[in-house]
Amino acid sequence: MNFLRGVMGGPSAGPQPSGAETIQKLCDRVASSTLLDDRRDAVRALKSLSKKYRLEVGIQAMEHLVRVLQTDRSDSEIIGYALDTLYNVISNDLEEEEQDDSEEENSPKQVDDLGSQFTEIFIKQQENVTLLLTLVEEFDFHVRWPGVKLLTSLLKQQGPQVQQIILVSPMGVSRLMDLLADSREVIRNDGVLLLQQLTKSNAAIQKIVAFENAFERLLDIITEEGNSDGGIVVEDCLLLLQNLLKNNNSNQNFFKEGSYIQRMKPWFEVGDDNCGWSAQKVTNLHLMLQLVRVLVSPTNPPGATSSCQKAMFHCGLLQQLCTILMATGVPADILTETINTVSEVIRGCQMNQDYFASVNAPSNPPRPAIVVLLMSMVNERQPFVLRCAVLYCFQCFLYKNQKGQGEIVSTLLPSTIDGNSVSAGQLLCGGLFSTDSLSNWCAAVALAHALQENATLKEQLLRVQLATSIGNPPVSLLQQCTNILSQGDKIDRRGSKVQTRVGLLMLLCTWLSNCSIAVTHFLHNPANVPFLTGQIAENLGEEEQLVQGLCALLLGISIYYNDNSLENYRKEKLKQLIEKRIGRENFIEKLGFISKHELYSRAAQKPQPSFSSPDHMMFDHEFTKLVKELEGVISKAIYKSSEEDKKEEEVKKTLEQHDNIVTHYKKVIREQDQELEELKQQVNTLKSQNEQLQTTVTQQVSQIQQHKDQYNLLKVQLGKDNQHHNSHSDTVQVNGIQVEEVSKLKEELEEWKNKHELLQGQLREKDSLIEKLKPLQLEMGTEQSSQMSKSSGLEHNNELQKELEMLRTQIQLQSAEISKLQAENQKLQVMNTSTDPALSDTSATAAKNLELEGRLVQEVKELKSEVKALSEEKASLKQHLDSSNSTVAILQDEKSKLQQEVAESKKEQDDLLVLLADQDQKLSALKNKLKDLGVPVEDEDDIESGDQADEDEDGDEEEQD
């Protein structure tokens, strides 16, 4: 045990062995000793030597230590020593060593290589990593904690390889997720560091960790530690959350769907007394703001960004950020990052932009937050990064926000200027014409964003008039910009003069693009075109080449969007001027200076203006898009001849006409489609109503049939009851009713006799009258009688004869009835005389019959009442059926009319489609001509897809509203 005494510091005799020899002996001891205590002591000794003799221990002992991990798992102490030893060998945490200066310079690189080499040796056998994952599952502190540290070190040295091994290991990631639930803070905190290394640049592991409930656990830890007031553990958790969410759309969507955005709001609840800003709190809040920006980054898919922006507004996170923005005592770097965060939360989201426009600063009187921020941007005393952040915020506020653009421009118009308060437009004009070049550039870019893709505002801005000095007439904003541009070298400015000119040229290019009226106003000043040609033609230094390129772009815009309304500055004359003064090739070369510039490439990468110094602030991101769009178009326009321009103009006019026609027909077709849809809906509604009515009619018919059956059944039952009554009461009818009938018949007979005598008397009177008229008729039969008297006598005679015939027929009928009644009377008298003797014998039977008769009469009355009720119900049902039938008939007529209208609409649509086909053929022929002439022509599908995208964006904006 002498070598152990030497290692542990005990006294020894004789020469001391070297470190390598001692390590070799210890390795032999670990490999050959049968006693666990001996092996444990040897491993402990190796641990103590591993920091000083890292190379020797790593080379000689690694294989033996791995074998100890495999075979001695039952003893946690030796496993802990072995893991610590491997950690010391693989980790690059340097201890203080006595080295000379030359060795100190080379040691970090040597150490890095050493740790990477030992890691590569260890992970060559993948089962070593799997064994380590198994040991991390142990609850024993002396095993789990060294295992976590060792695995973290392996991931630092050879991250991708170790990640792949863990990924293919069964439940590898899930085992490590259990570390976050450990009650011992040391293990939990180191587990967070382990997961940081594990999730770096590996989307698959990031998804697994996220779906293992990592968000919930990490947010719980941050809350337990005190949110932004927490320590370094909060910082580690935030870094892990950034790893999980950055550039991972799946995890971002899962974070949003899990309602974790709402849990971020308490992070930014900063108290009113902002005096206690520790360094750790600043770091934590900075990372929290960056995490918000990860969710709403412009590089994310637009749909995901929009949904996160809306969620942040609804949960109050945006309102909390605006509170920090307007608070006092906030450190500058936190304020800058907050401005950048608010910028991306409102970018392109109409609802958030409208809220931000309504935020006021806590001042007296209250001022809009936009005005306060713009005051910081044009104030040269503010930090550079803060001014860049305010510019980015203003750009994001105006991005796809025509309402906000209109509000900014309206503060410059004469009718809306308020002299009592400072407006955004006044601040922009003040910055545009100040002596600070950085303020000039920022104000110019901000004003250009207020005009971005908005032709209406470009025309309105031409109305802006500026009072330059007392006694001089006001000049337009456009004229003042060109004046400052032409006198740039004469004005004493702080900062780069090139920067001011670049900013003004970017503003003018944005203003004039796609606005012929603005081009006309610009060309109306006779000094502008000579100034531009003079700038382009000169051979200036490298710094001025950028200004030359922008001047070429501005002149090209003046040619391309020229409507030839000014005779001296028509397209052809401007091209001839370029040919004579500059040269086409030279002009194109100067135009290419813009896109070849290094600062242009940097600005085109992302929307946020991030510059290392004010001198590098030259280009705006949106302006780089405009340059890409116009550079090729202007180059082609310069080389076109006047005839080609005329043809192009004619073709453009023809295309516009055809486009108008096609648009008109499309509108007609859309209207007809809408009408067809409405008619189809009406037809479907009528069909459903018809079906309902048919079912109602069917039900009513069945009910009527049931009532009919019931009525017939009652009728049959009534007939049977009447037959039964007649069979038992014949005697009653003869004896009880016969006397009354006889008396009635006698009375009727007397009446008929009286009538007969009366009629006979009338007949005699008529006969006597006829006899008197016969001789009179003979006397009046002469030819000398007037035609009128003859005709009247004949008519009267005919009437009398008809009346006589009628009286005779009545007498005959009455006599026949009298004879019939006399016969019946005699018959009844005979029956009466024959039945008189039997009346005394049947008195008892008559009483019974009378009782039966009363009952039968009562039943008959009841049956009659029921029959009457049934008949009334039948009548009402029949009436209802008739009304239903009439309604069905009306609906069928309406249905036939609608079908006829649909047929006519289809016929009209077919005619319109034929017309559209003819128009499309003409359009294709014209487009082919344009392509032959070299004019770029957009396909109709691209135009329609762009229109559809605009309509979709207008729909999102209306929903957010």
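1. Serine 259 lies in the loop that runs between helix H15, residues 249–257, and helix H16, residues 279–295. In this predicted model, the phi of serine 259 is positive, near 60°, although the residue is something other than glycine.

2. Is serine 201 buried or exposed? At 77% relative accessibility, serine 201 counts as exposed, because the cut-off for that class is over 50%.

3. Helix H23, which spans residues 402–410, has Gly404, Gln405, Ile408 and Val409 among its residues as buried positions. Why do these four residues lie on the same side of H23? They cover an arc of only 130° around the axis, and this puts them on the same side of the helix. The partners against which the buried residues of H23 pack are helix H22 (384–398), helix H24 (424–432), helix H25 (437–451) and helix H26 (455–461).

4. Two packed helices are described by the angle between their axes and by the distance between the axes. For H22 and H23, the axes come within 7 Å and cross at roughly 120°. In this contact, Phe394, Phe397 and Leu398 of H22 meet Gly404, Gln405 and Ile408 of H23, and the residues divide into four nonpolar, two polar and no charged. Of the H23 residues that take part, Gly404, Gln405 and Ile408 are also listed among the buried residues of that helix.

5. Threonine 533 has its place in helix H30, which covers residues 528–537. What does the side chain of threonine 533 reach at 2.9 Å? The side chain reaches the backbone oxygen of proline 530 at that distance. Threonine 533 is buried, with a relative accessible area of 1%, because any value under 20% falls in that class. When residues up to four places away in sequence are not counted, threonine 533 touches Leu555, Leu577, Arg581 and Ile582.

6. For the chain as a whole, the model contains 41 helices and four strands. Buried residues make up 43% of the 961 residues in the protein chain. Among the contacts with a separation of 6 or more, 73% are accounted for by residues 24 or more positions apart. The protein chain exposes about 51,900 Å², of which carbon and sulfur atoms supply 50%.

Note on methods:
Residues are numbered from 1 along each chain as its sequence is written. This is a predicted model: local features need pLDDT of at least 70, side-chain atom pairs count only at pLDDT 80 or more; totals for chains, interfaces and linings use all residues. Side-chain values use heavy atoms; hydrogens and water are left out. Buried means under 20% relative accessible area, exposed over 50%, partly exposed in between (1.4 Å probe, protein chains only). Helices (H or I, at least four residues) and strands (E, at least two) are DSSP runs, numbered from the N terminus. The arc is that of the directions from the helix axis to the C-beta atoms. Contact means heavy atoms within 4.5 Å. Accessible areas come from the Shrake-Rupley method with a 1.4 Å probe; for residues, only the protein chains shown count as cover. Axes are lines fitted to C-alpha atoms, for helices over the stretch in contact, and angles run from 0 to 180 degrees between N-to-C directions. Ala, Val, Leu, Ile, Met, Phe, Trp, Tyr, Cys and Pro count as nonpolar, Asp, Glu, Lys and Arg as charged, and the others, Gly among them, as polar. A polar contact is a pair of N or O atoms within 3.5 Å; within protein, one must be able to donate a hydrogen and the other to accept it, and residues adjacent in sequence count only if both atoms are side-chain atoms.
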